[in-house]
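Please keep the sequence and the 3D view open beside the text.

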Amino acid sequence: MNPAPASPRLNTVLVGVGGFGRTWWPSLTAHSDRIHVVAVVDPDAQARDEAARHFRLAPHAVRDLLDAALLRDVGAELVVDSSPPPYRRAHALVSLAHGARLIAAKPLGWSLKSAEDIVRAGPTPESVTVVQQMRYFPCLRALRELLDEGRYGPVTSVSVEMALDSHGWAPGMEWRVGMDHPVFLEAAIHHLDLLRHCLGTELNVVGAAEWNPPWSPFPAGGAVAALLRTGDGVPVHYEATLAPRPGRALVRFDSGWQVTCRDATLTVVDGGLFVDGEPTGVPATAAPVPLHDLNDRLLTDWLAALDAGRPAPVNGRDNLVSMRLLDQVMRAAADGAQART
């Protein structure tokens with residue numbers, strides 16, 4: 001059955017309050033008329049204490065471990081999980097078993113199976129929302145609108161590139177630097193989800209590769225590439241790295257897109273959307289929209305969907321399609337690596 005109707009203010013537990021978890025503080029506070037943070041969970045004592053002061057919580061509501069007893073004690077109706085992926089499945093299962101709604105960071109699971117386990121644990125696939133907040137970049141929303149309109153004719157090819165320095169993750173670099181597939185799990189899941197979202201179609205994998213540049217801080221997987229096709233056969237080229245060559249120009253998340261249509265080429269550069277090189281109503285920016293702002297836009301949409309009784313954006317059912325696509329790309333890369341040995 002579906003979760004019980006929401007109260008005017010949802011009793012909310014924030015799991016993971018440092019690093020990226022801290023980017024939820026402004027949004028949860030801004031929506032205090034609808035969101036009542038009743039507990040925080042984090043293994044780091046300093047992060048817990050700072051969050052407790054921010055949300056004015058009593059000591060019993062500040063924990064280092066999420067369990068059923070805490071959820072019961074605070075009457076949790078919503079769990080926002082911003083913890084690292086290895087803990088996400090356990091947090092999700094206890095939250096959904098309690099009957100709370102779940103908003104979980106991406107990737108939904110360390111593997112496709114973990115993600116499927118999480119979505120199956122809810123009363124409906126829509127009980128889970130995944131924080132694919134890159135969908136809320138204004139340039140990419142505007143790109144999707146132009147493509148939906150079909151103003152420039154059908155799409156004939158797509159290219160997406162990203163090159164970011166992973167050291168910008170501080171704090172949080174400690175556990176990420178041990179990842180075997182950092183680009184796939186931290187970046188490609190966003191881009192594959194965005195490609196589905198912006199193009200309005202599903203994708204098929206032609207081939208993929210994963211490699212590690214010699215200057216990479218990761219043990220493996222610091223760079224990836226993939227060739228995909230839409231159902232209509234349109235080629236989509238994707239390349240991304242979190243270990244760019246020292247000195248090369250970086251390419252932001254809200255940049256590096258080129259969509260060639262029959263009558264024009266649409267590009268996304270530094271947060272701006274351009275048609276044949278000419279600016280549109282979405283100009284380039286000196287820096288990307290802050291993550292806390294993207295989270296706020298996602299939460300605003302989530303609350304509106306809740307009030308309207310419709311599925312939340314980026315719900316579990318939809319996100320499993322992105323996770324399955326990621327799994328297919330990773331398998332293609334692994335198969336290619338085996339073929340070369």
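## Ground rules

This is a predicted model, in which local features need pLDDT of at least 70 and side-chain atom pairs count only at pLDDT 80 or more, while totals for chains, interfaces and linings use all residues. Residues are numbered from 1 along each chain as its sequence is written, and side-chain values use heavy atoms, with hydrogens and water left out.

Helices (H or I, at least four residues) and strands (E, at least two) are DSSP runs, numbered from the N terminus. Two strands pair if DSSP finds at least two bridges between them.

## The annotated domain

An unreviewed UniProt entry carries the annotation "domain: Gfo/Idh/MocA-like oxidoreductase N-terminal" for residues 11–121. UniProt positions follow the numbering used here, feature names are shortened, and annotations may be inferred rather than shown by experiment. Over residues 11–121 the chain is 41% helix and 21% strand, with 21 Å between the end C-alpha atoms.

## The parallel sheet

Let's begin with the open sheet of 6 strands, whose order is S3-S2-S1-S4-S5-S6 and whose pairing is parallel. Its edges are strand S3 (62–63) and strand S6 (128–131); each has a single partner strand, so one side of each lacks a neighbour in the sheet. Strand S4 (residues 78–81) and strand S5 (residues 101–105) run parallel and are joined by 4 bridges. Valine 80 has isoleucine 103 in S5 as its bridge partner.

Helix H9 (residues 291–308) lies across strand S1 (10–15), strand S2 (35–41), S4, S5 and S6, and runs at about 160 degrees to S6. Axes here are lines fitted to C-alpha atoms, for helices over the stretch in contact, and angles run from 0 to 180 degrees between N-to-C directions.

## Two helices side by side

How do helix H4 (residues 88–98) and helix H5 (residues 112–121) pack? Their axes are 9 Å apart, at an angle of about 10 degrees. H4 brings Arg88, Arg89, Ala92, Leu93 and Leu96 to the contact, and H5 brings Ser114, Asp117, Ile118 and Ala121. Contact means heavy atoms within 4.5 Å.

## The mixed sheet

An open sheet of 8 strands has mixed pairing and the order S8-S9-S10-S7-S11-S12-S13-S14. Strand S8 (203–211) and S14 stand at the edges with a single partner strand each, so one side of each has no neighbour in the sheet. S8 runs antiparallel to strand S9 (residues 223–230), and 8 bridges join them; alanine 209 stands opposite alanine 225 in S9. Helix H8 (residues 182–199) lies across strand S7 (155–163), S8, S9, strand S10 (235–241) and strand S11 (257–261), at about 150 degrees to S10.

Strand S13 (residues 272–275) takes part in two hairpins. With strand S12 (residues 265–269) S13 pairs in the antiparallel sense over 4 bridges, and valine 269 stands opposite glycine 272. The 2 residues between S12 and S13 include aspartate 270, which has a positive phi of about 50 degrees. S13 also pairs with strand S14 (residues 278–279) in the antiparallel sense, over 2 bridges. That hairpin too has 2 residues between its strands, and aspartate 276 in the turn has a positive phi of about 50 degrees. On one side of S13 Gly272 and Phe274 are buried, as are Leu273 and Val275 on the other. Buried means under 20% relative accessible area, exposed over 50%, and partly exposed in between (1.4 Å probe, protein chains only).

## The cysteines

How many disulfides does a search of the whole structure find? The count is 0, where a disulfide is a pair of cysteine sulfur atoms within 2.5 Å. The closest cysteine sulfur to that of cysteine 139 is in cysteine 198, 8.6 Å away, which is too far for a bond. Cysteine 139 counts as buried, at 1% relative accessibility, and cysteine 198 counts as buried at 1%.

## Two residues to look at

Phenylalanine 55 sits in helix H2 (residues 45–55) and counts as buried, at 12% relative accessibility. Leaving aside neighbours within four places in sequence, phenylalanine 55 is in contact with Leu14, Trp25, Leu28, Thr29, Val37 and Val40.

Valine 289, in the loop between S14 and H9, is partly exposed at 21% relative accessible area. Not counting residues up to four places away in sequence, valine 289 touches Phe137, Pro138, Leu294 and Arg297.
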